[in-house]
Amino acid sequence: MRVEFGRRALAGAVVACVVAASLLTSPDAAMGYVATIANDPVAFAAVLVGLYAVRPFLAWPATLLAVVVGYGYGVVIGVPVALAFVVGTSLIPFYATRWFDGGTLEPTDTPDEPDGRLRGHVESYFGATGDVRGVMAARLVPIPADIVSCTAAVSGVSTSAFVAGTLLGELPWTVAAVVVGSSAKELSTGGLGSVGLPLGTVTVAAALALLAGPAYRSYAQSSE
């Protein structure tokens, strides 16, 4: 009981710190600094690693840093580099959530409490879609990436399925961001504005298409 309470308290403190950091820090200053060292490969790579390492803790979107990757490396090198970074940084909240959770909050144990109800809905979603399809569809929808990582972790999605779903779901967002960054004359946080809405429309439509089959099967089973 004490261990569970300690995990929850620590998780709450971490979430509070992340929210505070995201409100108090702006990526604009970081973008300006990165632009000044883009011609120094070693310094650029070091700063890029640092930015990606702190990204989950500052709640910065992965697409923002993919623009930076495209700005420094272009499309051919930038796409695989950005995909590798987005998967790597997504594993941080994924494994952190597994540790905080500790496997103690099964929905059947607390069906009438928020934790139990939320976990039940999440597990039902992944149970209907399958792990890879579920992660992929969630990544295609323009919602915060780390929320997807945390919900996948509490539902018991395997690491391999999580990585595969993340790669597939983040691919269109990453490619678009890298292309925008590679063609940008100035590195800014607003670079995705020109493609964000059209791309979001397409990816949401793709996510709905992926979920149509599982949704129909679930409806058919519930009506029997």
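This is a predicted model: local features need pLDDT of at least 70, side-chain atom pairs count only at pLDDT 80 or more; totals for chains, interfaces and linings use all residues.
## Salt bridges and ring pairs

Let's start with a charged contact: aspartate 146 and arginine 55 form a salt bridge, with 3.1 Å between the closest N and O atoms.

How many salt bridges does the structure hold? There are two. Glutamate 170 and arginine 139 make a salt bridge as well, and here the closest N and O atoms are 3.8 Å apart. Glutamate 170 sits in helix α8 (residues 159-182) and arginine 139 in helix α6 (residues 131-140), so this pair ties together parts that lie 31 residues apart in sequence. Both of these residues, glutamate 170 and arginine 139, are buried.

Now for the aromatic rings. Searching the whole structure turns up five aromatic pairs. One of them brings together phenylalanine 94 and tyrosine 95: the ring centres are 5.5 Å apart and the planes meet at 70°, so the pair is edge-to-face.

What about their surroundings? Phenylalanine 94 is buried, with a relative accessible area of 0%, whereas tyrosine 95 is partly exposed at 40% relative accessibility. Tyrosine 125 and phenylalanine 126 also pair up, with ring centres 5.0 Å apart and planes at 75°, so this pair is edge-to-face. Of these two, tyrosine 125 is partly exposed, with a relative accessible area of 26%, and phenylalanine 126 is buried, with a relative accessible area of 5%.

Here are the two ring pairs side by side:

| Ring pair | Centre distance | Plane angle |
|---|---|---|
| Phenylalanine 94 and tyrosine 95 | 5.5 Å | 70° |
| Tyrosine 125 and phenylalanine 126 | 5.0 Å | 75° |

Why these two columns? A pair of aromatic rings is described by how far apart the centres are and by the angle of the planes.

One last thing to find in the model: which residues form one aromatic cluster with Phe94? The cluster is made up of Phe94, Tyr95 and Phe162.

Methods
Residues are numbered from 1 along each chain as its sequence is written. Side-chain values use heavy atoms; hydrogens and water are left out. Rings of Phe, Tyr and Trp (its six-membered ring) pair if their centres lie within 6.5 Å; planes under 30 degrees apart count as stacked, over 60 as edge-to-face and the rest as tilted. Buried means under 20% relative accessible area, exposed over 50%, partly exposed in between (1.4 Å probe, protein chains only). A salt bridge is a side-chain nitrogen of Lys or Arg within 4 Å of a carboxyl oxygen of Asp or Glu. Helices (H or I, at least four residues) and strands (E, at least two) are DSSP runs, numbered from the N terminus.
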